[in-house]
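Me: Please take a close look at the aromatic side chains in this structure and at what surrounds them. Give me the cut-offs as you go.

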Amino acid sequence: LISGTLFATGGSIAQIINMRTDPDTHQQFDWYKTLRLGLYGGLVFAPLAKRWMSFVQSKVQITTAGNTIKDTLARTFVDQSIFPCGIIFCYFTINGLTDGKSIDEIKLHLKHHYVSTLLTNWTVWPVVQFVNYTFIPLARRLLFVNVFSLFWNVFLAVR
């Protein structure tokens, strides 16, 4: 529920920013887009992220203690090497499909935005996830990610 709400909020903020920065387009607020982003956040992102973070916590361990700086660095490295590659692709593809775009339009969007979005991800999320894997209990990690995702979702929604 929190993920869906924050995804919808991020999408709404992005729409408002777009409407104010380009008033000549006379855009109307798109409630359907807000709903789509909320559903994506709640039904796709949240379950995948929660399972992923549990998997990384349980399977990525270098030391026998399992909670050293080496373990956290390894978890962050594995997390950022795999999860963003798939979730960014899912985000652009699912949102394109639910927006009525053709497969060719989605491919073009991915061609123009996927790599730059992934590179931007790697300037922000490794630090967030390092803090997450270091200090936040597993049961609260999705909530921690959701707080930062609000700002990330604004960025994604304007792409």
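Reply: F7, Y40, F45, W52, F55, F83, Y91 and F92 form one aromatic cluster, where rings of Phe, Tyr and Trp (its six-membered ring) pair if their centres lie within 6.5 Å, and planes under 30 degrees apart count as stacked, over 60 as edge-to-face and the rest as tilted. This is a predicted model, in which local features need pLDDT of at least 70 and side-chain atom pairs count only at pLDDT 80 or more, while totals for chains, interfaces and linings use all residues. Residues are numbered from 1 along each chain as its sequence is written, and side-chain values use heavy atoms, with hydrogens and water left out.

By the ring rule there are 11 aromatic pairs. In one of them, the ring centres of Y40 and Y91 are 5.4 Å apart and the planes stand at 85°, so this pair is edge-to-face. Y40 belongs to helix α2 (residues 31–59) and Y91 to helix α3 (residues 69–98), so the pair ties together parts 51 residues apart in sequence. Helices here are DSSP runs (H or I, at least four residues), numbered from the N terminus. Y40 and Y91 are both buried, meaning under 20% relative accessible area, with exposed over 50% and partly exposed in between (1.4 Å probe, protein chains only).

R36 is buried at 9% relative accessibility, whereas D99 is partly exposed at 36%.

Notes:
Helix = DSSP H or I, 4+ residues; strand = E, 2+ residues; numbered from the N terminus.
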